[in-house]
Every structure is written in structure tokens, then in C-alpha cells.
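Please view the sequence and the model shown here before reading on.

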Amino acid sequence: MVATVLVVGGVIAITSSPKAATPIASTSPTVEPSATPAKVRSTPVGTAAPRPSTFVGIAASVSVSPPPAPRSSPTPEPGLWRLEGYIVDEQGKPIENVCVVIGPVPCAQYAPHTDERGHYFVDIAAAGSQTVLLAYDFYFEIPGRQTVWLRMTPTGSSTFNAVLKRT
């Protein structure tokens, strides 16, 4: 008897419920504009100048007048500090494909490189209040030009511009 009541109650509930045959409006995703096509940047063939025996500090940054950016570079994510700047020649013209080496390792295929405006950026993990600040070594190198060695202990986002002289 109890089973009959449950079955009859279920049939009544199903037949008296509103029909779900009405279509649900679906929204199509917004089409995101395509990004500027990626350009493979690799250091030209050759041997970079020897690493210098002395480093420079962030105060050694030079003044530059870069051309305007065709597209802005992304801003750093929260919790990151950005080191960015321009690498130019003796006449102040941008140098493309300068390898930005982080630490003692050599330039690698996926290391940051300067763009056609000589611009580069590297995002660094921001130090927390309980973090011991670390010194970083950055080498800016390209065959046929002197290598610049920057040593810095970041305390926030910084700008460093440099001139790479011919060797």
C-alpha cells in the first residue's frame, strides 16, 4: 500500500510540474581580439662579449628616448615587481634581441630579449614583510657589444636603461 502511494504521488508530481521544454537562452562568449603575432626573438649567432669583472647598480641607468610602443606591455600581476627598461647603442638607437640573462647561467632560447624598441621587462617575486631581500644579477648581452652586469636588490618595481658599446 505504501509503495502504491509513492508511485501514484510520483506520477502526479511529474504530470503537474511545469514543462521544461522552453529553450534556455544561451550566451555566446565574447570574442577576444587577437594579440599581436608573436615574433621569435633570439640572440644573433656569435659569441657574446666576456662577462665584466665589475657590476653596476640601478643608479647607473641612463636616460633614453624610446619610440612609442605599438601595443602596451602587460602590467605585472599582484605580488610581482617589474624590472624594465631600454637597451640602446652609443647614438641612443634601440638594440633589438639583446639577451637579458638572469643569474650566472648563459643566454638561453627562452630568456627574455629586447624588442624592436630595445625594451625588455622581467617580473620578480615581490618580497613579503618576513622575507630576506635577495640580490639579483642581470646580464645584458649580445654579440659584438660589451656586456653590462646589473646587480640589484629590488624593493619594488624599477627601471634600468643601459648603453651597450661596440666591442
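The text below describes a sheet, then its aromatic rings and the charges over them.

This is a predicted model, in which local features need pLDDT of at least 70 and side-chain atom pairs count only at pLDDT 80 or more, while totals for chains, interfaces and linings use all residues. Residues are numbered from 1 along each chain as its sequence is written, and side-chain values use heavy atoms, with hydrogens and water left out.

Three strands form an open sheet in the order 2-4-5, with antiparallel pairing (strands are DSSP runs of E, at least two residues, numbered from the N terminus; two strands pair if DSSP finds at least two bridges between them). Strand 2 (99–102) and strand 5 (148–152) each have a single partner strand, so one side of each lacks a neighbour in the sheet. Strand 4 (residues 136–141) is joined to strand 2 by four bridges, and within strand 4 glutamate 141 is the bridge partner of cysteine 99.

Five aromatic pairs occur in the structure (rings of Phe, Tyr and Trp, the last by its six-membered ring, pair if their centres lie within 6.5 Å; planes under 30 degrees apart count as stacked, over 60 as edge-to-face and the rest as tilted). The rings of tyrosine 136 and phenylalanine 138 are stacked, because their centres are 6.2 Å apart and their planes stand at 25°. Ring pairs also link Phe55, Tyr139 and Trp149 into a cluster.

Two rings carry a charge over the face (NZ of Lys or CZ of Arg within 6 Å of the ring centre and within 35 degrees of the ring normal).

| Charged residue | Ring | Distance from ring centre |
|---|---|---|
| Arginine 51 | Tyrosine 139 | 3.9 Å |
| Arginine 151 | Phenylalanine 55 | 4.6 Å |
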